[in-house]
Every structure is written in C-alpha cells, then in structure tokens.
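Work through the exercises below with the structure open beside the text. Each task is followed by a solution in steps.

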Amino acid sequence: MMIRFAIVPLLLALNFSMCKKHETVSQNAQDGSSSPATAAATATPVVAGSPKVTKPVVDQTAQTIILCYHRLVDKVRYPGTEITPPAFEAQMKALKDRGITVISMQDLLAWKRGEKNIPPRCAVITFDDGWKSQYEVAWPILKKFGYPVTMFIYTEGVRGGSLGGGEAITWEQLGDMRDNGVDIQAHSATHQDLREGHNIMLASTGGKKTRTKLTGPQYEQWVRNEVVGCKELLEQRLGIKVNCFAVPFGSYNEHVKELARNAGYEAMFTVYGQPITFTSALDSLGRYAIEANKPKVFEDAVKMIGASTSGGAPVAEIGAKDLATQPADGETVRTALPLIKANLTGIGQIDPGTVQMRVSGLGVVPATYDQKTGTISYQVTQKLREKSCSVFVTAKSQGKKVEAHWTFGIEEGAGGPTKSPTPPPKK
C-alpha cells in the first residue's frame, strides 16, 4: 500500500512535465523559434526544399582527337612505332600554336557521360606499351607544355615481365608518374591479337616461347588474363582504378568487347584515327597512331579538329546499321580489295557536293555518289594492309553535317600482307 501511494505523486509529476514540454514546443512553432531537438526533427523539409542537383548541360557539338605514340628514339629503326624527340616536341608545340587544348582522358570520358564540358577544339595524348623513353624523354616534354597524358601499359612488358627488357619502363617509374597525375590504363598482358583462332606466342618455363593457336577453354583462360588479368594487376601494383582498354593492333570482336565491359572498362580504344564526337561509341574510340614514316597523319588529325569551332554547326552521327553498309560493321571479308558501299537515303535530303568518304590507311578516296539511289561506293584499288579497316562518310543534310563510320575486318593473308605490326622487343 505504501508503494502504491508513493507512485501516484510520481505519475502526476511526470504528466505535468510532459504538458509543459508540449506547451513549449507549440509556442516555439508559433513564434518561429526552435530548440536543437526540434530543429533536428524539422530538418527534413529544409533538405527537401533545397535546389535539385542536376548535371551540367554540355556542348554536344565539341570534338576531340586522340593521338597515340609509342617510343621516342634519336635514331629511328622501327618507323611504325618510333618518332624522334624533336619531332614529338614540335608536334606538342603545334597543338599549342594552333589553339588546340590538350585535355585528360578522364575529362573526355566525363564529357561523354554528360558531366562536364570540354573545349570545342581539343586533343588527348596517349602512349602505348610502356617504354622507358616515355618516362625519361616524353614525360619531361609533356610537363614543359603542361599537358596531361594517358599511358596504356601491357603488363608483361614492364621491366621484369616476360617481355620487359632493358628498354622497358619499370613499376617504380610508373608509380612516380601516377603520383604526379599521369593516367595509367590497360593494354593487355602480352600485346597480341585477342581473337580466338589467331596465332599467339606463349612463354613457357625457362623462357622458351612457342607459337600456337588456342581454342575453347584454353583460349578463354588466356584471353581473360589478357583483358581482365592485366587490369587487375595494374590496379593491385599501383593502387589505381583502370577504366580504359587500348586493344592491341585494334583487332578485336564482340566477345572481347563483352569481356571488357564485364571487367568494368568504360571505354575501349583502337588505332584507327577519327574525330571523337559526343555520340561516338565508347567501345571503339579511334586514335591517330603517329609514326615516323607517316607525318601526314598528325597534320590530317590536327586539320580535322582544327576545322571545328565553337558555335559551328552541330554534327549528327548516324549509326552504321541505318546505312546498310557493305561490308557490314564488324564483318570480316576475304579480300584486301573490297567494294565499300553505304546507302544514305535514310539520312534525308543530301547535298551531293558535300558527300565524302575516308578510308583508314588511304585517307579521302574518290568515291562515287549516285543521287538516284542515294548510294556512295568505292572500289578499293590499293590493297588494305591492316587487319581492320575503318570507313568514314560525311555529308550535309539541310545545312547540318552528318557523319557515319564503321569498321570491318580483313581475313589474314587476303590479297596482301596483313600481319600485325608486332612491337620490337624491349631489349
């Protein structure tokens, strides 16, 4: 009984306290003031009323080019993959003199995602393979101009790997570049044709190398290491995120693309130069391969991007599948002298005088445009020497520039030499 009488006053006191607290909250709500607890409780409406964060509206008419370099040497012995330091520096200066801004690869991808703008005329610089001259010679020149650069590395070619000799870059040098803002990306494990059934070189224990063809499960294991394993090794050794893959020789197919996508690559790159537009496919971004014996490639690339100006007419990119192309996009043909065709009727009314075709390795070709059928065609007369060929068709329709490009393969040994330009050993 005594306990019961003691509890009653306690309950009355608690009830009185709760009533006073309720009055205080009500009063605060009326006069606009609030206690810390009340402010926390009412914070949600403030957040909900905040302006929404939206992506910036990017300039979809901007264009860029991607330049691809390999090795810098004083005396050129392999002109397909080498260039002298003075020639390289002159090209870097030419970009500056012509008002072409050099941007980073990651800025390019952010633009493609619609997250940020890039200058209307710009370029991306890349180096392939991983030669020590890229660290010792090219990088100081790039720093002199303040240019960012992306390094595409094949991991067995780093010093200490099965293909990395004395001229190869080291993991320590790559770490130094990484620490100073250089973008490091993947270029396979052993730099070979990634398609099933093609001859590859396997290194066995003791350094012995054998040439063979892999199929089935053996091929799948090998190609997974080439595409996925190299990415994992770069990320583990350097503590970086790898989201770009440069395909060796530009030779790949849908299966390789699928492996790359599943591995987390955001973009894939070839060596078939083309201006990159906002709608260019991320799994086949073409780079201009700069070679000592083809100085015109750099000039052509700069002229193409130099013609683009801010506020110029937008470029509409047309999918190859809408043009009924011949050969079809991704098809492999058995001749190095193919007939190339595209039907442009789906584009609309075309200005006949503006229709133009470019073919990788040949440049602008004397194609024929038939107004009645809306078909542009060109019979190749000079044997195509690479394993893949990219075709670019441009025209004007109702004052707007339209552009389409596609890539087809050429069967090995078809009507002329098609051997991949294997890089010289890093002795």
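**Exercise 1: a phenylalanine in a loop**

Phe249 is buried, with a relative accessible area of 14%. The model is a predicted one.

Solution. 
- Step 1. The cut-off for buried is under 20% relative accessible area. Phe249 has 14% and therefore counts as buried.
- Step 2. Along the chain, Phe249 and Asp193 are 56 residues apart, yet 7.2 Å separates their C-alpha atoms.

**Exercise 2: a histidine with positive phi**

Task: Locate His191 and decide whether it is buried or exposed.

Solution. 
- Step 1. His191 lies in the loop between strand 7 (183–186) and strand 8 (199–203).
- Step 2. Its phi is near 60 degrees, which is a positive value in a residue other than glycine.
- Step 3. The relative accessible area of His191 is 8%, so this residue is buried.

**Exercise 3: the surroundings of Asn243**

Task: Which residues does Asn243 touch, leaving out those up to four places away in sequence?

Solution. 
- Step 1. Start from the position: Asn243 sits in the loop between helix 8 and strand 10.
- Step 2. With a relative accessibility of 6%, Asn243 counts as buried.
- Step 3. Once residues up to four places away in sequence are left out, Asn243 touches Gln106, Leu109, Gln185, Gly264, Tyr265, Glu266 and Ala267.

**Exercise 4: how helix 4 meets helix 6**

Task: Are helix 4 and helix 6 roughly parallel or roughly antiparallel to each other?

Solution. 
- Step 1. Helix 4 (residues 85–97) and helix 6 (residues 132–145) pack at an angle of about 25 degrees, and their axes are 10 Å apart.
- Step 2. Angles under 35 degrees count as roughly parallel. Helix 4 and helix 6 are therefore roughly parallel to each other.
- Step 3. Their crossing is right-handed.
- Step 4. From helix 4, the residues that meet helix 6 are Pro85, Phe88, Glu89, Met92, Lys93 and Lys96. Helix 6 contributes Val137, Ala138, Ile141, Leu142, Lys144 and Phe145.
- Step 5. Sorted by class, this contact has 8 nonpolar, no polar and 4 charged residues.

**Exercise 5: a cis bond and the whole chain**

Task: Which two residues are joined by a cis peptide bond, and how many helices and strands does the protein have?

Solution. 
- Step 1. The cis peptide bond joins Gln326 and Pro327, with omega about -5 degrees.
- Step 2. Pro327 belongs to the loop between strand 14 (315–317) and strand 15 (332–333).
- Step 3. The protein has 10 helices and 22 strands.
- Step 4. Of its 427 residues, 44% count as buried.
- Step 5. Among contacts between residues at least 6 apart in sequence, 65% join residues at least 24 apart.

Note on methods
Residues numbered from 1 in each chain as written. Predicted model: local features only at pLDDT ≥ 70, side-chain atom pairs only at ≥ 80, totals over all residues. Heavy atoms only, no water. Axes fitted to C-alpha atoms, helices over the stretch in contact; angles between N-to-C directions. Helix = DSSP H or I, 4+ residues; strand = E, 2+ residues; numbered from the N terminus. Parallel < 35°, antiparallel > 145°, perpendicular 65-115°, else oblique. Left-handed = near helix turned anticlockwise from the far one by under 90°. Contact = heavy atoms within 4.5 Å. Nonpolar A, V, L, I, M, F, W, Y, C, P; charged D, E, K, R; others polar. Buried < 20%, exposed > 50% of the residue type's maximum accessible area, 1.4 Å probe, protein only.
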